[in-house]
Each structure stands twice: as C-alpha cells, then as structure tokens.
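Colleague: I would like to learn how to read the features of a model such as this one. Could we go through them one at a time, with the general idea before the case?

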Amino acid sequence: MNPDKTPCTASHGPAILPRPVRILLLAASACLAVPGAALASGLNGTWRMDQPKDSGVVLHSIIILHQDGARIEGSVWPNYAVRMPILDARMEGEDLSFRIADWGWSFRVRPDGEALHVAISYDSWKTSETVTARPASPSDTQLPPIVPPPALRELPANGLSKAPPMGWNSWNHFSEGVDDRVVRETADAMVSSGMAAAGYTYVNIDDTWELGRDAQGNILPNRKFPDMKALADYVHARGLKIGIYSSPGPTTCGGYEGSYGHEEQDARAYAAWGIDYLKYDWCSASRLYAEKDLRAVYQRMGEALQKCGRPIVYSLCEYGVADVWKWGPAVGGNLWRTTGDIQDNWRSMCANGLDQGRLAPYAAPGHWNDPDMLEVGNGGMSPVEYRTHFSLWCMLAAPLIAGNDLRSMSADTVEILTNREVIAVDQDPLGAQGARVLARDGVETWVKPLSGGAQAVCLFNLNAEPRDVSLAWGDIGRASTPAVVRDLWRHADIAPAGAGFTGRVQAHGAVMLLVR
Ligand code: GLA
C-alpha cells in the first residue's frame, strides 16, 4: 500500500495523535499515584518496559493491568508520554490481547515467570517488536514536581513567518530513522530538486534527536546527531534554515527528553546551535497540566524563545486543543496544529483538511492554522489525490512542510511540490485562509481571497468517480464575468464564459483556478 515508504526503524512512534479530549481527560487521572510493583503477579500489576533504541536512548513505557475473573482493565503509558486506557481486552489462550486507542498500538501479553512477555504491533508503521516488561517500582510512576505555569500575558509578535512557513520535516517519512546524514542529504536535495527555488526553506528535525542532559542540565543530542552546530552550519551554507523539536513535558511523544523545567536553557542551546524553528509538542505535558494551563505552558517557551537572542519560528503542536487559534499569537506562536496527526491516506487527509474552513478568521500574516505536515510523495495516495492534498493545503494558507524523502522523489511529486502557481495561492501576501462556499453532490467549492481582489477557487471532487461540474460566477460572489480565469494545475488561461465555469473533475481530484 505504501511501497515508497522506507521501512522505518522507528517502531515506537505515535503516528496518530491521542485525541485531544482523551489526553486532557486522562491527564487528571494520570496525576494519581499508581500502586507499586509489589503487586505484579500473573497479569496483574504495574509493569515497566524498557526499549533500547539505535539512538542509544532507552525508552520506557508502563503497563498497568488488573484482572478480576473475566474482567480485565488497565492502562498503558506509551513512552511515558500520555496515559491511555486499554481497549478490547480479551484472553486468547494464555495471551491477553488489547489495544490502545489512537496510537495504533496492539498488544499481546503473557506472564513469563516474574516478568511479562509483551508483543507490540505498531499498526501505523507496520512493524512489531517483543519486549520484556518487569514489575515497576513505585518511583517509576511518580511524576516530577509540578512547576506552576506563569501568569498569562500577551507576548509581542516575533515578526516571523509573514507567509505560511515552507520546508520539510523528518517525521512523516523517517520517524526515528532521522539522523545527521538524512538532514544533510535532505538540505542538498531541497536545493537540487528545485524546492528551495520554489520557496521551501526550513529543514526540520522532528522527534528522536535527543539524548538527555548533562550535569548542568544542558540538553544533549544523541549519537545520531554528533554535532548540531556543524549540522546547522551545513544547512545554512545552502541558503536554508534548520528546525528542531521538543515538548513542554518531561518526555516527547516518542519518549525522548523534553524541555520541562529547562525551557530557557533549551532555547539558549537552540540559539547557540543556530536553530531557526521550534516545533513544541504537548504530549507528556498532559500528565502534569490541565487544559486550562495550556496557554501558560506554551507562553513559557514563547518567552524563552524571545529572550534567546535568535529569531526562532514558534510552531505549537497541541492538536487543536483549547481553541489554540484564539491564543496562539499571544504566546508568540507563528503556527499551531489544529488537528491530530495526519496519515498517508485519503481518508486521513480529508479528515484533517476539509473541516478547517471554520478557522479561516484566525489565519493572518505571522499566525497560521496548521492541519499537519504534507504527505505528498509518501506513497499512500495517488498523484491525483496528492494534487488534491496540496491544493487544499494551499487554499487553507497552511504551512507547506513536506514530509517525504526529498532525496528520491518521482517526477509527479516534484511537479506537485514545486507548482509555483499553486504555491503562490498559499503564500499570497493578503494572508487570508480559504473556506468552503458550496458543497453539492460530493463536490466542494472553496474560495480563498487573494491580494488585489483576485480569488483562488478550488473544486474538490470527493467522489470515487469523475464529476462534471459547473460553477456560476455568482457562487463565488462575482456579479460579472471575470477578466481572467487560469487553471493552476494545467498552467493555462481559460476563456471566461459569461455564466461561469464548467469542467470535469477527476475522482478524488481538484481543479484549482485563479480568478481575477
Ligand atoms: C506527535 C506529533 C507528530 C510527531 C510525533 C513525534 O505525534 O503530532 O507530528 O512530532 O509526535 O513523536
């Protein structure tokens, strides 16, 4: 189904984000003390799994199981990042099988002497592994002391990202497989493929670069990234910028070191390395803070970035919880995730993109809604569907952060990602986000206002068959025939007809027009 996708070495990564509501509801219960290890027997107990990774980092997860006859309950703290209830628990012979929602992890566990034999399937990455879980000690489930969130205030705008940021991020394709070499080769490919010339600038390292801290609390990269400063220099030397990732919690979603309690120190480290962009991912902060604290927690890193002496784009990743679009600018944010994690398939792409029109009032130069990174070129959708994905993101004035392997792109992928006429819609200086104006028979018409009174108009055919469509100029608020109608995928002007536009839209396809 996804032949282009590198078999990820990552097996632990959360490909689907825990649903916001779930995270926040669980946060409160996660703050309760959990009975300790001594209870472990049979399946019952609190179990700790240690998973050594190629990066040299050992990830930890907790499994809590309680069996009472046929009734089995429990929860899992994957990577110590969030706490999730087990679902569909059932005995199959000697094995207990269950899954945790949203992350796409399925478990099969069996008592093994004093330990638990655990087989985990990571559905999203199509990988699996077996791990031995041992009885946890009470300290394994103890939370660090809570640092009170700062008093709310309004931070000044940092003046960055006047247009939606464009670049690349390692997560969607490489997950844990990202390393120094991948980042260097990606920077080279961004230039040689023409993407840099088309406007892509940021080369962003996502989760799994972290090792831990030294005795002074300084954040250290793991062995995949031997010299961050040298890597940043390499990227800068190609006229590009470099981004990094962290979490306001003690651990990231992937279970690596977060910035909790070290925000200013980390911001200074990023500045010293030459980092230009930070994606800051809520994850394990949900174990310490409630929804009402989100803004203040993001403000803390916003303040740290503004003090660190280097302009750094601030990307909030908290899945659209707590109406982030209403306060994102106040914490110094340049973009904020509005959805859970995208996956490389049509259904996920539509789910993330098509209900975003409602957030149009919150997009403006310097401040962007982010329906998650692009999947174009990752292999799970057809070129037609990827064109639709890219068109929709551009209509949304979304950040254009490619998530594929830039070193080996098909001609279709390059053509989509570097379509300058479509990119110009995304990057239009007016900074207005588009929205749906009409939905009929599985065909949606979207309009994005552009500078100079122009409009981008997109017809999305969500049906599995082609559709003949007709659009009256009145449908897009025009009283008369426009002077110019241009097809932005065909790169051709269309002679504007009096009544409107008629044409055929492919199954799952999009026709994107510039109307002036
Ligand atoms: C979360 C984010 C993803 C990615 C992973 C990394 O799921 O939403 O975009 O950063 O964490 O662990």
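Colleague: How many bridges join β13 to β14, and do these strands run parallel or antiparallel?

Modeller: Strands of a sheet pair through backbone hydrogen bonds, either parallel or antiparallel. Here β13 and β14 run parallel and are joined by four bridges, where two strands count as paired if DSSP finds at least two bridges between them, and Tyr 245 stands opposite Lys 279 in β14. Helices (H or I, at least four residues) and strands (E, at least two) are DSSP runs, numbered from the N terminus. This is a predicted model, in which local features need pLDDT of at least 70 and side-chain atom pairs count only at pLDDT 80 or more, while totals for chains, interfaces and linings use all residues. Residues are numbered from 1 along each chain as its sequence is written, and side-chain values use heavy atoms, with hydrogens and water left out.

Colleague: Which strand pairs with β14 over five bridges, and what is the handedness of the unit that β14, α7 and β15 make?

Modeller: A crossover is called right-handed if, with the strands pointing away from the viewer, the path from the first strand over the helix to the second runs clockwise. The strand is β15 (residues 313–317), paired with β14 in the parallel sense, with Asp 281 opposite Cys 317, and the β-α-β unit of β14, α7 and β15 is right-handed.

Colleague: Which way do the side chains of β14 point, and are they buried or exposed?

Modeller: In a regular strand the side chains alternate between the two faces of the sheet. From β14, Tyr 277, Lys 279 and Asp 281 point one way, Leu 278 and Tyr 280 point the other way, and all are buried, buried meaning under 20% relative accessible area, exposed over 50%, and partly exposed in between (1.4 Å probe, protein chains only). Because five of the five residues of β14 are buried, this strand is largely enclosed by the rest of the structure.

Colleague: How many residues of α7 are buried, and what do they pack against?

Modeller: An α-helix has 3.6 residues a turn, so residues three or four places apart point the same way. In α7, eleven of the 14 residues are buried, so this helix too is largely enclosed by the rest of the structure; among the buried residues are Leu 294, Val 297, Tyr 298 and Met 301. The buried residues of α7 pack against α6, β14, β15 and α8 (324–327), contact meaning heavy atoms within 4.5 Å. After α7 comes Gly 309, whose phi is positive, near 90°.

Colleague: Which cysteines does a disulfide join, and where in the chain do they lie?

Modeller: A disulfide is a covalent bond between the sulfur atoms of two cysteines. The structure holds one disulfide, assigned where a pair of cysteine sulfur atoms lies within 2.5 Å, and this disulfide joins Cys 253 to Cys 283 with an S to S distance of 1.5 Å. The pair links distant parts of the chain, 30 residues apart, with Cys 253 in the loop between β13 (241–246) and α6 (263–273) and Cys 283 in the loop between β14 (277–281) and α7 (294–307). The torsion about the S-S bond of Cys 253 and Cys 283 is about 90°, so the disulfide is right-handed, and both Cys 253 and Cys 283 are buried. Cys 394 is in no disulfide, its nearest cysteine sulfur being that of Cys 458, 9.2 Å away.
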